[in-house]
Amino acid sequence: MRPKVVAGNWKMHMDLESGTQLVRDLLGQLTDIKKSRVVFCPPFPLLYPVGELLKDSEFGLGAQNLFWEEKGAFTGEVSASMLKSVGCQYVIIGHSERRKYFGETDETVNRKIHRALTEGLTPIVCVGETLVEREAGKTHEVVQRQVEGAFQGLSAEAVQNLIIAYEPVWAIGTGKNATPEQAVEVHQLIRQILNQKYGEGIGENVTIQYGGSVNEKNAESLLGQPDIDGALVGGASLKADRFAAIVRIGEQYS
Ligand code: PEP
């Protein structure tokens with residue numbers, strides 16, 4: 001069984017005081033997590049202070065984005081090695097909000113994944129269809145295009161070392177999660193795509209999270225599915241009790 005990975009994507013929320021307090025509260029509450037993996041993804045300015053708090057714990061630190069170039073005159077951008085230097089092990093790449101508001105494409109996602117892997121960061125690669133695409137029966141086509149585009153030029157070994165987050169866009173921040181059946185169907189599709197591209201069994205080795213309005217009430221039905229290897233949690237990761245409850249459910253099914 002793949003251990004569950006529960007990651008909290010804080011998006012553009014929290015400041016130094018509230019963010020570090022949230023992590024302190026969670027460290028106090030989650031002393032019994034042994035089998036699953038928990039990752040905190042705060043905004044850039046909070047990475048270092050949160051990383052300092054997590055130093056002696058088993059919890060991981062992730063960024064929400066990076067730039068694909070190594071360094072240079074790219075005002076406002078952040079490199080993979082900078083993220084490494086402040087203690088990051090993970091980085092979210094291709095979140096639908098970045099695709100929608102910041103012009104990310106499958107090609108830029110691909111470049112970012114290559115850079116992250118070169119620097120030893122684990123990408124959490126987000127894919128997922130919009131409501132219009134789902135209603136037009138294009139979910140499989142869209143997810144296949146995103147996965148194939150994102151993974152151009154990656155070896156089977158590299159793919160097995162990253163995390164995919166299936167995040168239907170219509171479920172993000174809407175309070176309307178995908179049903180376990182809908183999520184499992186797409187997770188299985190992603191595994192099939194990887195098996196076809198890289199060889200039988202590769203898809204089964206990849207961690208695939210579900211993201212989209214995961215909360216303490218629906219987490220059990222989602223994380224209880226063997227094909228759902230964890231959750232990428234937005235809104236519910238901003239409250240210690242809610243996030244802790246989701247993490248505990250992940251632990252129970254790991
Ligand atoms: C996300 O930020 O990736 C997300 C899934 O958000 P929410 O849980 O709020 O829907």
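These questions and answers walk through parts of a predicted model.

The model is predicted, so local features need pLDDT of at least 70 and side-chain atom pairs count only at pLDDT 80 or more, while totals for chains, interfaces and linings use all residues. Residues are numbered from 1 along each chain as its sequence is written, and side-chain values use heavy atoms, with hydrogens and water left out.

Trainee: Which residues have the most contacts inside the largest nonpolar core?

Mentor: A nonpolar core is a set of buried Ala, Val, Leu, Ile, Met, Phe, Trp, Tyr and Cys residues joined through side-chain atoms within 4.5 Å, where buried means under 20% relative accessible area, exposed over 50% and partly exposed in between, with a 1.4 Å probe and protein chains only. The largest one here has 69 residues, and those with the most contacts inside it are F40, F151 and I190.

Trainee: Which helix gives the largest share of this core?

Mentor: Helices are DSSP runs of H or I with at least four residues, strands are runs of E with at least two, and both are numbered from the N terminus. The largest share of the core amounts to eight residues, and these come from helix α9 (residues 180-198).

Trainee: What is the relative accessible area of G203?

Mentor: G203 has its place in the loop between α9 and β7, and it touches R191, L194 and N195, not counting residues up to four places away in sequence. G203 is buried, and its relative accessible area is 0%.

Trainee: How are α5 and α7 oriented to each other?

Mentor: Axes are lines fitted to C-alpha atoms, for helices over the stretch in contact, and angles run from 0 to 180 degrees between N-to-C directions. Helix α5 (residues 106-118) and helix α7 (residues 139-150) pack at an angle of about 40 degrees, with their axes 8 Å apart. Angles under 35 degrees count as roughly parallel, over 145 as roughly antiparallel, 65 to 115 as roughly perpendicular and the rest as oblique. The two helices, α5 and α7, are therefore oblique to each other.

Note on methods:
Contact = heavy atoms within 4.5 Å.
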